[in-house]
Structure formats: C-alpha cells, structure tokens
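Dear colleague,

Please find below the structure that I am handing over to you. My findings follow it.

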Amino acid sequence: KEPPSGNDTLKMSNITGTSTTLSRLEQGTVYYIWVAAVSSYGQGPYSKRESETTFKAPEPPTDLLIYPSSDCDELIIKWTGEQSVSYRVHINDNKTLIVDKTEISLNDLTADTEYTVTVVAVNELGEGGNVTGTGRTRPEAPSVSLSFPSSTKLHIMLTAPNGSYSLTYKCTVTEIDMPSNTVTVTELKYPVDGLSPDVNYIVECMSSNGEDSCDSSMDMITLLPQVQGVNVTSGASDG
C-alpha cells in the first residue's frame, strides 16, 4: 500500500544502511512511517505502517509556595506540576536536588536568610519550563539580659541573633497564674513599669522577620520586696 502524500508528508531518499534519524519534528506529535527498498531495478513495495510519538517538553510548574517550617534551618517548597515528570530544584544557584514529587523540605539552611529557589520540570526530552520564588528562614531568638532599677520596674536588654538588626522583637512578661503583659518592641532595650514587688514573673522574648523565631529566650525573675519606711523618734535624755 502506498503511503499518503501531501504537505504533511516527508519523503526521504538515498538512505544507505538500515537506520536513519528524523529531525526537525514537532514535539508531542504522532508520526507514521513506511519504508521501501530501492535498487538499480527500481523500488520495491512499502513496509507495514509503523507509528511513533515524539516527546514533548514538560509544562512549567505553577503555584510555587516557599515558607519556613517551625525550625530555623528549614524551608518548605510546594508547587503544582505534572505527575509523570521529575523536577530539578536549584537553591541559590549553588545546590541542585532532583525529585519526583511536588513538595520537599530544604534543611541545614542558615537562620534569617533569604533563599532563591527555581523549580524546573524535566522529562526524557530534557528540561521544560521553570518557576522561581524566594523564601526566608525563621530567625533565632535574641539573647536577653535583665536589670531591676526598682522594685516595680524591669529593664529588658536584647542582643540581636547573628548580628541581625532588621528584626522586631516581642517580649511577654507574665505574672505566674495571671494574664500576660505583652510588649512588642523594635529597640534592643525596653523598660517595663508597673510590676509588683516580691512577685514571680516569667519573661519570654522572641524575634521576628515577619515570621516568629523558631525558639524563645525565657527567664523567671522575682522583683525584690519593697523596703518599708522607717520612723525614727527622739526621746528625752535621762542624764
């Protein structure tokens, strides 16, 4: 049987041997192939029709989400993509992971650090489209030192973690078994007034870069009792 003819038919001649390569084909397209032998006596009959579909490069991933886990050294990466392909995940252009799922965790990262993540779809044809986004790990908690200028006043002094100065801070001063007194500050030194003497308090401080720190600094304190006034009276001398 003769193969069809027309603008969508490619005829190849002068092929020696029993194999050849067809190039410049469309991706994801079914091609039908017939072969006939040619000699000095002319052309023989065509073979039975065979078909083959060319590979198609995968579509780019979409809906990329990058957000921190509860740990300071970990980011969660999620995206939407084809299930029949694999993915290359590039982190800051210096680390690459190859995965066959659409959600991964990146760990052993640096706290309070922004990372650029690119996800590339890959199949037998090669790399397809990609999507890029950024995410930031949680900061560590600040270091806290406390001073007590009076029996009703507390000074909270914070040291930024890892030399970070673009963070905000939240400190909670809680009287045991009583509601919390929460203050949010951007300074590294903050006074708290109106406390009660001879009472136990818990001081807990966290840092934030938009996400709260993965841990907190906590201390329990007791303000000194207030010294009562002393009355001094003078009496007549016996002498």
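Which residue of E9 does Ile-76 stand opposite? In this predicted model, the residue opposite Ile-76 is Ser-105 in E9. Strand E6, residues 75–80, is joined to E9 by four bridges, and the two run antiparallel.

Both strands belong to an open sheet of three strands, in the order E5-E6-E9, with antiparallel pairing. Strand E5 (62–68) and strand E9 (103–106) are its edge strands, each pairing on one side only. On average, neighbouring strands of this sheet are turned by 15 degrees against each other, direction ignored.

I turn next to the nonpolar cores. The largest one has 18 residues, and those with the most contacts inside it are Ile-77, Trp-79, Val-89 and Val-119. At least two residues of this core are supplied by each of E5, E6, strand E7 (86–91), E9 and E10. E10 provides the largest share, four residues. Beyond its neighbours within four places in sequence, Val-89 is in contact with several residues, including Trp-79, Leu-97, Ile-104 and Val-119. There is also a second, separate core of 17 residues, with Leu-154, Leu-158, Cys-171 and Val-203 among them.

Finally, I would draw your attention to Asp-112, in the loop between E9 and strand E10 (114–123). Asp-112 has a relative accessible area of 11% and therefore counts as buried, the cut-off being under 20%. Its side chain makes a polar contact with the side chain of Asn-209, at 2.8 Å. Leaving aside neighbours within four places in sequence, the residues in contact with Asp-112 also include Arg-136, Pro-139 and Leu-167.

With kind regards

Definitions and conventions
Residues numbered from 1 in each chain as written. Predicted model: local features only at pLDDT ≥ 70, side-chain atom pairs only at ≥ 80, totals over all residues. Heavy atoms only, no water. Pairing = 2+ DSSP bridges. Axes fitted to C-alpha atoms, helices over the stretch in contact; angles between N-to-C directions. Buried < 20%, exposed > 50% of the residue type's maximum accessible area, 1.4 Å probe, protein only. Polar contact = N/O pair within 3.5 Å; in protein donor to acceptor, adjacent residues only side chain to side chain. Contact = heavy atoms within 4.5 Å. Core = buried A, V, L, I, M, F, W, Y, C linked by side-chain atoms within 4.5 Å.
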